[in-house]
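Try each task before reading its solution.

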Amino acid sequence: MTKITNAINAVYNFIVGDMIILVGIVLALIILIIINAIPALGVVRPFLGTLFIIFILATLAATLAREAYSRKR
């Protein structure tokens with residue numbers, strides 16, 4: 001029974017980790033689309049690529065922190 005529980009737990013952790021990455025990327029894209037759509041934020045437009053990379057790195061850091069600080073490693 002513990003092998004089945006461990007397998008289910010591994011699948012759950014995999015899906016949750018991927019879900020964090022998916023949500024982070026979608027939020028980053030939404031934020032960048034909003035910045036691009038507002039004319040008053042035209043000054044920021046040259047830095048959209050840099051902001052996107054920062055958002056993606058923050059998302060990956062959040063996923064890594066979830067893995068690193070979990071009870072079971």
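**Exercise 1.** Does isoleucine 25 count as buried, partly exposed or exposed, and what is its relative accessibility? Then place the residue in the fold and find its partners.

*Solution.* Keep in mind that this is a predicted model.
- Step 1: start with the element. Isoleucine 25 sits in helix H1.
- Step 2: turn to accessibility. Buried means under 20% relative accessible area and exposed means over 50%. Isoleucine 25 has a relative accessibility of 31%, so the residue counts as partly exposed.
- Step 3: look for partners. Once neighbours within four places in sequence are set aside, isoleucine 25 is in contact with Ile56 and Thr59.
- Step 4: take one of these partners further. From isoleucine 25 to isoleucine 56 there are 31 residues in sequence, yet their C-alpha atoms are 6.4 Å apart in space.

**Exercise 2.** Work out how the helices of the protein chain are arranged.

*Solution.* 
- Step 1: list the elements. The protein chain has two helices and zero strands. Helix H1 covers residues 2-37, and helix H2 covers residues 48-68.
- Step 2: read the geometry. The axes of H1 and H2 are 9 Å apart, and the two helices pack at an angle of about 160°.
- Step 3: name the arrangement. Angles over 145 degrees count as roughly antiparallel, and H1 and H2 are therefore roughly antiparallel to each other.
- Step 4: The crossing in which H1 passes H2 is right-handed.

**Exercise 3.** Describe the setting of arginine 45.

*Solution.* 
- Step 1: locate the residue. Arginine 45 belongs to the loop between H1 and H2.
- Step 2: classify its accessibility. A relative accessible area of 34% makes arginine 45 partly exposed.
- Step 3: list the contacts. Neighbours within four places in sequence aside, arginine 45 is in contact with Ile35, Asn36, Ala37, Ile38 and Pro39.
- Step 4: Arginine 45 and isoleucine 35 are 10 residues apart in sequence, with C-alpha atoms 7.4 Å apart.

**Exercise 4.** Finally, step back and describe the overall form of the chain.

*Solution.* 
- Step 1: compare with a globule. The radius of gyration of the protein chain is 17 Å, while a compact globule of 73 residues would have one near 11 Å.
- Step 2: check the dimensions. Along the principal axes, the C-alpha atoms fill a box of roughly 60 × 20 × 15 Å.
- Step 3: consider burial and surface. Of the 73 residues, 14% count as buried. The chain exposes about 5800 Å², and carbon and sulfur atoms supply 77% of it.
- Step 4: look at contact range. Among contacts between residues at least 6 apart in sequence, 52% join residues at least 24 apart.

Notes. Residues numbered from 1 in each chain as written. Predicted model: local features only at pLDDT ≥ 70, side-chain atom pairs only at ≥ 80, totals over all residues. Heavy atoms only, no water. Helix = DSSP H or I, 4+ residues; strand = E, 2+ residues; numbered from the N terminus. Rg over C-alpha atoms; globule rule 2.2 N^0.38 Å. Buried < 20%, exposed > 50% of the residue type's maximum accessible area, 1.4 Å probe, protein only. Contact = heavy atoms within 4.5 Å. Areas by Shrake-Rupley, 256 points an atom, 1.4 Å probe, with all protein chains shown as cover. Axes fitted to C-alpha atoms, helices over the stretch in contact; angles between N-to-C directions. Parallel < 35°, antiparallel > 145°, perpendicular 65-115°, else oblique. Left-handed = near helix turned anticlockwise from the far one by under 90°.
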